[in-house]
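Subject: Structure handover

Hello,

Here is the structure I promised you. Please open it alongside this note. My findings follow below.

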Amino acid sequence: MWRCRSRRRRKARCSSGWRPPASTSSTGSSRTASRGPSCPGGFDLAGEVVELGAGVSSFKPGDKVIAINFPNGGGLAEYAVASASRTAARPPEVSAVEGVCVPIAAVTALGSLRTAGVTVTLDDPARAPATPKNVLVTAASGAVGHFAVQLARMGGHNVTATCGARNLGLVRSLGADEALDYKTPEGAKLRSPSGRKYDAVVHCAAKGLPWSVFRPVLAASGTVVDITPGFVAVVTAILQVATFSKKRLVPLIVTPKKEEMELLLGMLKQGRLKTVIDSRHPLGSAHEGWAKSMSGHATGKVVIEIGAAQP
Ligand SMILES: NC(=O)c1ccc[n+]([C@@H]2O[C@H](COP(=O)([O-])OP(=O)(O)OC[C@H]3O[C@@H](n4cnc5c(N)ncnc54)[C@H](OP(=O)(O)O)[C@@H]3O)[C@@H](O)[C@H]2O)c1
């Protein structure tokens, strides 16, 4: 797998004509076009420290780590440079393939739930919330969504999930107690089969939905966190603040922090959280992984492996 050079505040080298794809693991977040120099690699990394920058004492060569290089990318290479403050030690119980799925996707899932006011029980499994919330996760079969479902369920909340028909069983197995096919009329309206009104929506589906779809299915003070906010979403959010609306849309761009990555790695280590891998590709076939990720039809994460056998 990757060897990762951990340096403080150094950028990854950018040299090729690639738009930054998603490193060893890929999430749709990199679909946003980059204006800077194009980088041969992505955002999520897993590997081994080979060299430390001046003043970095939290790691040593040989340490197994995961890291996030956002927004510069640089992950599709045998060596990458990552900031020590965005690098976390990977426990031996968590494989590099599992670990690399954490930075953007799992941290975004966690941040979205917290932003929506949903308590997530990270450290003490016995500590469930006094009042469980009704949580909807859209695109629950995707990279962010499959973590959001698990984290919400772990917090003792009621979870409704939307996904394609082929993944209804998967999202139920991850903890959703209601699953909706987004291609059916009821799924398109986000209607809970049991009539739940949602206190929180983690909207992961890349396609934006008009506020008129969310409003009728929200509880009185329901919050929708949109992780792919477009212009209309931002304007809607501003207007809602200006008019003191109780139902709210919150655009969110998450920047993963080391502490959050460590917490989530700990949950993987304990077996409380699991990663769903859509597919693994050797570096020579990275374009295939990239295309799968960009298709918007991956189930979980797409992983590129450096050093894996060529097909
Ligand atoms: N704000 C942030 O910090 C942040 C961080 C990470 C990602 N993101 C963004 O989050 C979005 C989600 O990315 P992702 O990688 O997690 O997932 P993704 O790749 O977009 O999700 C793919 C999965 O979602 C299903 N799906 C597609 N459209 C759907 C819909 N309208 N309703 C329900 N399910 C649907 C697909 O099922 P079928 O194949 O059956 O159609 C597929 O299994 C992307 O737009 C990405 O840019 C934002």
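Which residue in E6 is the bridge partner of Ala-67? It is Thr-87.

Some ground rules. This is a predicted model: local features need pLDDT of at least 70, side-chain atom pairs count only at pLDDT 80 or more, and totals for chains, interfaces and linings use all residues. Residues are numbered from 1 along each chain as its sequence is written.

**Overview**

The protein holds nine helices and 14 strands. These are DSSP runs, numbered from the N terminus: helices are H or I with at least four residues, strands are E with at least two. Of the 311 residues, 49% are buried. Buried means that 20 or more other C-beta atoms, placed from the backbone, lie within 10 Å of the residue's own.

**Strand E4**

Pairing requires at least two DSSP bridges between two strands. Ala-46 stands opposite Ile-66 of E4.

In a regular strand, side chains alternate between the two faces of the sheet. In E4, both faces are covered. Lys-64, Ile-66 and Ile-68 are buried on one side, Val-65 and Ala-67 on the other. Five of the five residues of E4 are buried, so the strand is largely enclosed by the rest of the structure.

**Helix H8**

H8 (residues 258-269) has 12 residues. Gly-271 follows H8, with a positive phi near 80 degrees.

**The core**

The largest nonpolar core has 80 residues. Such a core is a set of buried Ala, Val, Leu, Ile, Met, Phe, Trp, Tyr and Cys residues joined through C-beta atoms within 7 Å. Leu-113, Val-137, Ala-148, Val-149 and Leu-264 touch the most other members. Helix H2 (residues 102-115) gives the largest share, eight residues. Domain 1 (2-101 + 275-305) and domain 2 (106-251) both contribute, so the core lies between them. The domain bounds come from an automatic or database assignment.

Best wishes

Notes
A residue is buried if 20 or more other C-beta atoms lie within 10 Å of its own, exposed if 12 or fewer, and partly exposed in between; C-beta atoms are placed from the backbone. The expected span of a helix is 1.5 Å times one less than its number of residues.
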